[in-house]
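My entries follow in the order in which I looked things up.

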Amino acid sequence: MTRRTAVAAVMGCVVLAAASCAGPERPTATATADGKGAASTSASPVPSATATPTVDDAVAAARERMTAAATGRDAPGPEGLLVAAESTGGALFVWESSDGRFCHGTATGVGVTSVACFTRPHTPPVGKEPRLVPLVRMMATGWNVVFGAEHETVESVTCDGVPVRVKDVGVMADGRRSVHAVEFPDLTLGTVSVRVRRGSRVVTETLALETFAKKDDARFASCGEPTS
C-alpha cells in the first residue's frame, strides 16, 4: 500500500463510524422494566456511493492538466485548447501555439499528460487546392484520427458504407483549415470515405486511418482499402 493509499484509508475510517473500520459492532445492553438487561444493536452507517464522473467533469479536469503541461512556446495561442476527443477517462486536445505551430496533447484522469508540437510554424502549410490533411493518428480515448479540410466542407464520413460520427473540432490557420475528428473503439486499419462539398460540387475523398500496419492484418478491424 502506498502512502497516499494509506492516508486515504485512514481518512475513510475517520469519516465513517468506528465500527465500519474496526470490525463488527458489539451488542450493547439496555435496561428493561424488570431490571434485566436486553441486548440491542445499532445499525452501522452505510457509506455513500462514489459518484461516477461525467464526460464534462473529465474534460474540465483534463483541460486544467493540459494547460499546466503545455507551457512556454508550446502554450496555446488565442484560440486556446480545442477538444478533439473526450471520455470519462480524459481528453485529446489540439491547438496552435502563439507562433502558429500545430500541437496536440492528451490528459487522463490519473494525471498522465503528453504534449507534442511541430517545430516550425504553419506545418503543414495550407495548400492552394482543396484537400484533406491528416494531423493526428493515435490511441487516446480510442483510435483517434484528427484531420483538416482546406477549401472544402466536410459533410460525412463512412467506413465501408457505414456512417462514422464526425466531430467538428474548430478552425485553424487563420480560418483557412477546418479541423475534424473521427474515433474507433480500437486500432482500425485502412481508409474511410469522406464526402466533401466544394462550392456546388460534392466529391468523395479517401482518408487513411494509419500508415504503419501491414496489409490485411487480421488482428485488427479495418475500413476500405489497406494503406500498405
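**Entry 1: an open sheet.** I began with an open sheet of four strands, whose order is β3-β4-β5-β6 with antiparallel pairing. I looked up its edges next, and these are β3 (82–87) and β6 (113–117), each of which pairs on one side only. From one strand to the next the twist averages 10°. For the terms, I noted that helices (H or I, at least four residues) and strands (E, at least two) are DSSP runs numbered from the N terminus, and that two strands pair if DSSP finds at least two bridges between them. As background, the strands of a sheet pair through backbone hydrogen bonds, either parallel or antiparallel.

**Entry 2: source and limits.** The model is predicted, so I kept in mind that local features need pLDDT of at least 70 and side-chain atom pairs count only at pLDDT 80 or more, while totals for chains, interfaces and linings use all residues. Residues are numbered from 1 along each chain as its sequence is written, and side-chain values use heavy atoms, with hydrogens and water left out.

**Entry 3: inside that sheet, and across it.** I found that β5 (residues 102–108) and β6 pair in the antiparallel sense over five bridges, and that Gly105 has Val115 in β6 as its bridge partner. Helix α3 (residues 55–69) lies across β3, β4 (90–96), β5 and β6, and runs at about 50° to β4. Such angles run from 0 to 180 degrees between N-to-C directions, with axes that are lines fitted to C-alpha atoms, for helices over the stretch in contact; contact means heavy atoms within 4.5 Å.

**Entry 4: the whole chain.** I recorded three helices and 15 strands in the protein chain. Of its 228 residues, 32% count as buried, where buried means under 20% relative accessible area, exposed over 50%, and partly exposed in between (1.4 Å probe, protein chains only).

**Entry 5: strand β8.** Which faces of β8 are covered? Both are, with Trp143, Val145, Phe147 and Ala149 buried on one side and Asn144, Val146, Gly148 and Glu150 buried on the other. Because eight of the eight residues of β8 are buried, the strand is largely enclosed by the rest of the structure. I then followed its partners: β7 (residues 131–139) pairs with β8 in the antiparallel sense over eight bridges, a hairpin of three residues joins β7 to β8, and Val136 has Val146 in β8 as its bridge partner. Eight bridges also join β8 to β12, and these two strands run antiparallel.

**Entry 6: Glu150.** Glu150 belongs to β8 (residues 143–150) and is buried because its relative accessible area is 0%. It stands opposite Arg177 in β12. A polar atom of the Glu150 side chain lies 2.9 Å from the backbone nitrogen of Gly127. Leaving aside neighbours within four places in sequence, I found Glu150 in contact with residues including Pro125, Glu129, Arg131, Arg176 and Arg177.

**Entry 7: Phe184.** I ended with Phe184, which is in β12 (residues 177–184) and counts as buried because its relative accessibility is 10%. Not counting residues up to four places away in sequence, Phe184 touches Gly142, Trp143, Val164, Val192, Leu209 and Cys223. Between Phe184 and Ala221 the C-alpha to C-alpha distance is 9.4 Å, although they are 37 residues apart in sequence.

Methods:
Polar contact = N/O pair within 3.5 Å; in protein donor to acceptor, adjacent residues only side chain to side chain.
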